Amino acid sequence: MSDPRVRSFQITPDDLEAAQLDELIREIEHKSLFYYKEKNKSLRARYVYGTIFLIINLCAWFIRDYAQKALALLPYVSSCGPEGSHCFHTLGVLRVSLGCFIFFLVMFLSTWNTMKLHQAQNYWHSDYWTFKFFLLVSAMVASFFIPQLYIQIYGEIARVGAGIFLGLQLVSVIEFITWWNNYWMPNNQSKQSCSFGLVMSTVFYIGSVCGIAVMYYFYAASTACTLNIFFISLTVLLLVIMMVMSLHSKVNRGLLSSGIMASYIVFLCWSAIRSEPSNTKCNAHTQNGHADWITILSFLIAIGAIVMATFSTGIDSESFRFQFRKDEAKDEDDIPYSYGFFHLVFSLGAMYFAMLFVSWNLEHSAQKWSIDVGWTSTWVKIVNEWFAAAIYLWKLIAPIVRQPRVHEQPQPTTTQVSRQIDEVNFP
């Protein structure tokens with residue numbers, strides 16, 4: 001007979017299964033904790049890159065306005081030309097932009113296919129800051145040893161890249177407006193959401209009308225200001241078209257999205273007129289290059305707006321792939337946002353801030369404490385406004401244009417009907 005004490009210490013299949021289940025639960029909890037930490041690290045990394053981008057913007061401003069007096073070593077670099085003239089002002093901004101572009105392009109090429117948190121590219125995106133700092137400094141320094149001709153070629157390419165960035169930003173803004181409208185004006189509308197949507201649409205439209213009136217008063221007071229009158233009047237026409245299209249029975253999107261969009265294009269129109277040169281008699285409130293506190297504050301706000309526009313567009317990859325992967329569910333180990341798209345937007349943002357600091361003009365240097373001022377900047381913003389309105393109107397009518405049409409079948413004649421009846425009765 002077997003010893004009962006030995007029998008009491010035997011492991012039964014149920015005990016083994018319970019132990020395996022406990023081990024599996026602990027492994028799942030460990031993985032969940034690991035993914036949670038990696039996601040938080042990845043989300044924090046976005047703000048580090050945003051801070052880096054802000055510092056580079058400030059460096060570009062310093063190189064443009066004050067570096068010629070502050071930095072005495074650069075004139076000894078052969079690529080900087082006589083007295084360092086090719087490394088300051090417009091060309092200096094382009095060199096800083098090129099270094100920033102190279103850094104984020106390298107980050108894009110090394111992270112564009114990252115999908116999971118356990119991939120090596122995820123650690124590269126979120127860690128190794130010392131090595132990436134060395135890479136950034138190397139790219140920035142190397143850009144000052146590139147000959148002037150290649151810097152000018154980069155400036156022409158940067159115009160295209162900045163235009164692409166503006167297009168991506170418009171899509172991101174319009175997608176946000178659409179999401180905001182769907183959130184507060186859902187199909188199964190509650191009284192609270194309808195009331196809030198109605199109030200907000202009223203506020204946005206009142207703000208748009210007030211903005212139009214202010215622009216007419218300050219920038220189109222004289223009949224000689226024909227260009228400003230044209231800009232503002234066309235903006236009014238776009239507002240009316242968007243409102244009518246939103247309320248059309250086949251579209252029926254309500255007034256909230258069109259109200260937000262109206263405020264946005266009024267802002268773009270105001271920004272375009274403000275970018276007109278200071279010697280324009282129809283624009284007495286433009287940036288004049290004097291370092292008073294209003295000019296400095298406006299300049300710093302403009303730099304902050306550049307960084308925020310780049311950051312918000314970079315993290316909004318869902319707006320650009322929603323139509324391809326709309327119904328795809330995310331797994332626990334998926335990355336929280338597209339690293340490749342994030343760095344691609346920042347590389348284009350490097351081109352964009354260069355164009356703003358040189359006012360889209362590669363031939364002449366911008367005034368101190370000015371940003372995005374000149375006729376080229378004015379027309380870029382006006383075209384941006386028209387393009388934004390066109391994209392929004394297309395999003396309104398696209399579902400109608402794309403919906404499948406039901407072709408009516410031709411009605412059979414009386415003779416055909418009689419013949420079919422005869423065929424049935426007398427086969």
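Which residues in H4 meet which residues in H13? The structure is a predicted model, in which local features need pLDDT of at least 70, side-chain atom pairs count only at pLDDT 80 or more, and totals for chains, interfaces and linings use all residues. Residues are numbered from 1 along each chain as its sequence is written, and side-chain values use heavy atoms, without hydrogens and water.

On the H4 side, the residues are Val93, Leu94, Ser97, Cys100, Phe101, Phe104, Leu105, Met107, Phe108 and Thr111. They meet Tyr339, Gly340, His343, Leu344, Phe346, Ser347, Ala350, Met351, Phe353, Ala354, Met355 and Phe357 in H13. Contact means heavy atoms within 4.5 Å. Helices are DSSP runs (H or I, at least four residues), numbered from the N terminus. The residues of this contact comprise 17 nonpolar, five polar and no charged. Here Ala, Val, Leu, Ile, Met, Phe, Trp, Tyr, Cys and Pro count as nonpolar, Asp, Glu, Lys and Arg as charged, and the others, Gly among them, as polar.

The largest nonpolar core holds 61 residues. Such a core is a set of buried Ala, Val, Leu, Ile, Met, Phe, Trp, Tyr and Cys residues joined through side-chain atoms within 4.5 Å. Buried means under 20% relative accessible area (1.4 Å probe, protein chains only), exposed over 50%, partly exposed in between. Among the members that touch the most others are Leu94, Tyr352 and Phe353. H13 gives the largest share, 14 residues.

Seven salt bridges are found in the whole structure. Each is a side-chain nitrogen of Lys or Arg within 4 Å of a carboxyl oxygen of Asp or Glu. Arg64 pairs with Asp65 at 2.7 Å between the closest N and O atoms. Arg64 is buried, at 2% relative accessibility. Asp65 is buried too, at 8%.

Technical notes: Helices (H or I, at least four residues) and strands (E, at least two) are DSSP runs, numbered from the N terminus.
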